[in-house]
Amino acid sequence: MPKTLVNSKLHLTNQHLFDLYHRLKIALKTKTYSTLSKETSISIDSIRSYSVQRTYPDITRLAAIADATGFSVRWLLFGDDIEPINKKSCRLIVQDDVMNPKIPKNTQIEYEKCSFPEGSIVSDGLYVIATAQGCIARRLQWQHTDKEYLIFGDNPAYPQQRVKQINIIGTVTAILIPI
């Protein structure tokens, strides 16, 4: 039986599961309730109840929803930054507003993992970069004269940066904005 929300919000907050319902709604919007019901063996009424935060799924049902929608249980519960979709594609939740207004804060992007031989030059574009603070999405532009990358976002409040070496982990392929 699905759990109700009597004291659930307090428990979820205490366990740092703040945005469970937000992420669950994202996953539930990837398919129709009818399709999800068939793929997960969860009733349409239960799925509807999850989507309006009336109840929440137990761990077995959460795992079924994760399998059917391509999200991991870990991402649904904790919102880890990187969400594998398959062996090459991943998702990232943008944690800053450097790419605003094109990519607002808390927007999901999808990127294709890639690796480049050391010393190679990538074409100008939108990439996911691994930093000490975590993964970020930024525009890159190679500066031939200075032999360095110009890193920048769409928000003019943030200055451009120049770096000689960069840890590119993927090419952004989609911006997933809820409608």
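Among contacts in the protein chain between residues at least 6 apart in sequence, 48% join residues at least 24 apart. The model is a predicted one. Its protein chain has 179 residues, of which 39% count as buried, and holds six helices and 10 strands.

Helix α2 covers residues 20-28. Its buried residues are Leu20, Tyr21, Arg23, Leu24, Ala27 and Leu28. Viewed down the axis of α2, these buried residues lie within an arc of 160°, so they line one face of the helix.

Which residues of α2 meet α5? Leu24, Ala27 and Leu28 do, and their partners in α5 are Leu62, Ile65 and Thr69. By class, this contact of α2 with α5 consists of five nonpolar residues and one polar residue, with no charged ones. Two packed helices are described by the angle between their axes and the distance between the axes. For α2 and α5 (residues 59-69), the angle is about 45° and the axes are 10 Å apart. That angle makes α2 oblique to α5. The crossing in which α2 passes α5 is left-handed.

Helix α2 also packs against α4. Their axes come within 9 Å and cross at roughly 135°. An angle of 65 to 115 degrees would count as roughly perpendicular and one over 145 as roughly antiparallel; α2 and α4 are therefore oblique to each other. On the α2 side the contact is made by Tyr21, Leu24, Lys25 and Leu28, and on the α4 side by Ile47, Tyr50 and Ser51. The residues of this contact of α2 with α4 divide into five nonpolar, one polar and one charged.

Helix α4 spans residues 44-51. Ser46, Ile47, Ser49, Tyr50 and Ser51 are buried in α4. The buried residues of α4 pack against α2, α3 and α5, and also against the strand β2 (55-56). After α4 comes Gln53, with a positive phi near 60°.

Helix α3 (residues 33-40) has Leu36, Ser37 and Thr40 buried. Seen down the axis of α3, its buried residues fall within an arc of 100°, so they line one face of the helix. What do these buried residues pack against? Their partners are α2, α4 and α5.

The remaining pair is α3 with α5. Their axes come within 9 Å and cross at roughly 115°, and α3 and α5 are therefore roughly perpendicular to each other. In this case the crossing is right-handed. Leu36, Glu39 and Thr40 of α3 make the contact with Ala64, Ile65, Ala68 and Thr69 of α5. By class, the residues of the contact of α3 with α5 are four nonpolar, two polar and one charged. Leu36 and Thr40, which take part in this contact, are among the buried residues of α3.

Conventions. Residues numbered from 1 in each chain as written. Predicted model: local features only at pLDDT ≥ 70, side-chain atom pairs only at ≥ 80, totals over all residues. Heavy atoms only, no water. Axes fitted to C-alpha atoms, helices over the stretch in contact; angles between N-to-C directions. Helix = DSSP H or I, 4+ residues; strand = E, 2+ residues; numbered from the N terminus. Parallel < 35°, antiparallel > 145°, perpendicular 65-115°, else oblique. Left-handed = near helix turned anticlockwise from the far one by under 90°. Contact = heavy atoms within 4.5 Å. Nonpolar A, V, L, I, M, F, W, Y, C, P; charged D, E, K, R; others polar. Buried < 20%, exposed > 50% of the residue type's maximum accessible area, 1.4 Å probe, protein only. Arc of directions from axis to C-beta.
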